[in-house]
Amino acid sequence: MQKKFSKDLPALIGFIALSEAAGIVGSFFTAPSIAGWYATLTKPDIAPPNWIFAPVWTTLFLLMGIAAFLVWRTRKNTRTALGLFGLQLALNVLWSLLFFGLQNPGAALAEITLLWLSIAATMVAFAKFSKPAAWLLVPYIAWVSFAGYLNFLLWSLNS
């Protein structure tokens, strides 16, 4: 068992790095807008403080990478499941581009619906290979659900 895990360790690190890289790319759009455009928006009372986003997303991307690794590690026909995983990563970055980069909460709101659906589809696909992998995505879909609600409120308050 120990030998097999050490053999798979580079893949685990790779899946985590891939997930965290999506977060880093998204942050290129997010970081410049936090003190500028985002600070000017009227925010609802439920809006969390800005400092919470980086640790939450870092943790979520870590869990996502571990989940993808668990699916990959089954060595079964995981192409569709991992393809969905890649899709939701891309949609995650796209949301950051739309909301923060293009400063378009309306477009981001439409897109976050697609992101949520892709996460749900990824969870269903992952569950076929690894129940723990699917469960590792529960905090992610919960946070994106909250983010979608917050996105809606920000769009409503600032339109």
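This is a predicted model: local features need pLDDT of at least 70, side-chain atom pairs count only at pLDDT 80 or more; totals for chains, interfaces and linings use all residues.
The largest pocket has a volume of about 630 Å³. Its lining comprises 29 residues, and those closest to the centre of the pocket are Thr 30, Phe 53, Ala 54, Trp 57 and Phe 100. Helix H1 supplies the largest share of the lining, with eight residues. Sorted by class, the lining of the largest pocket holds 19 nonpolar residues, nine polar residues and one charged residue.

Ser 19 is located in helix H1, which runs over residues 2-34. The relative accessible area of Ser 19 is 0%, and because the limit for a buried residue is under 20%, Ser 19 is classed as buried. Beyond residues up to four places away in sequence, Ser 19 is in contact with Phe 61, Met 64, Gly 65, Phe 85 and Leu 89.

Ile 66 belongs to helix H3, the helix that covers residues 53-72. In contrast to the buried Ser 19, Ile 66 has a relative accessibility of 25% and is therefore counted as partly exposed. When residues up to four places away in sequence are left aside, the contacts of Ile 66 are Leu 12, Ile 16 and Leu 136. Of these contacts, Leu 136 is 70 residues from Ile 66 along the chain, and the C-alpha atoms of the pair are separated by 7.9 Å.

The remaining two positions concern backbone geometry in loops. Most residues other than glycine have a negative phi. Arg 75, a residue other than glycine, has a positive phi, near 60°. Arg 75 is placed in the loop between helix H3 (53-72) and helix H4 (79-101). With a relative accessibility of 40%, Arg 75 falls in the partly exposed class.

A positive phi is also found at Gln 103, where the value is near 50°. Gln 103 lies in the loop that joins H4 to helix H5, the latter formed by residues 105-127. The relative accessibility of Gln 103 is 38%, so Gln 103 too is counted as partly exposed.

Notes: Residues are numbered from 1 along each chain as its sequence is written. Side-chain values use heavy atoms; hydrogens and water are left out. Helices (H or I, at least four residues) and strands (E, at least two) are DSSP runs, numbered from the N terminus. Buried means under 20% relative accessible area, exposed over 50%, partly exposed in between (1.4 Å probe, protein chains only). Contact means heavy atoms within 4.5 Å. On a 1 Å grid over the protein atoms alone, a cavity is a set of points where a 1.4 Å probe fits but cannot get out, and a pocket is an open set with protein on both sides within 12 Å along at least five of seven lines; lining residues have an atom within 4 Å of a point. Grid points are joined across faces, edges and corners, and a volume is the space filled by probe spheres set on the points. Ala, Val, Leu, Ile, Met, Phe, Trp, Tyr, Cys and Pro count as nonpolar, Asp, Glu, Lys and Arg as charged, and the others, Gly among them, as polar.
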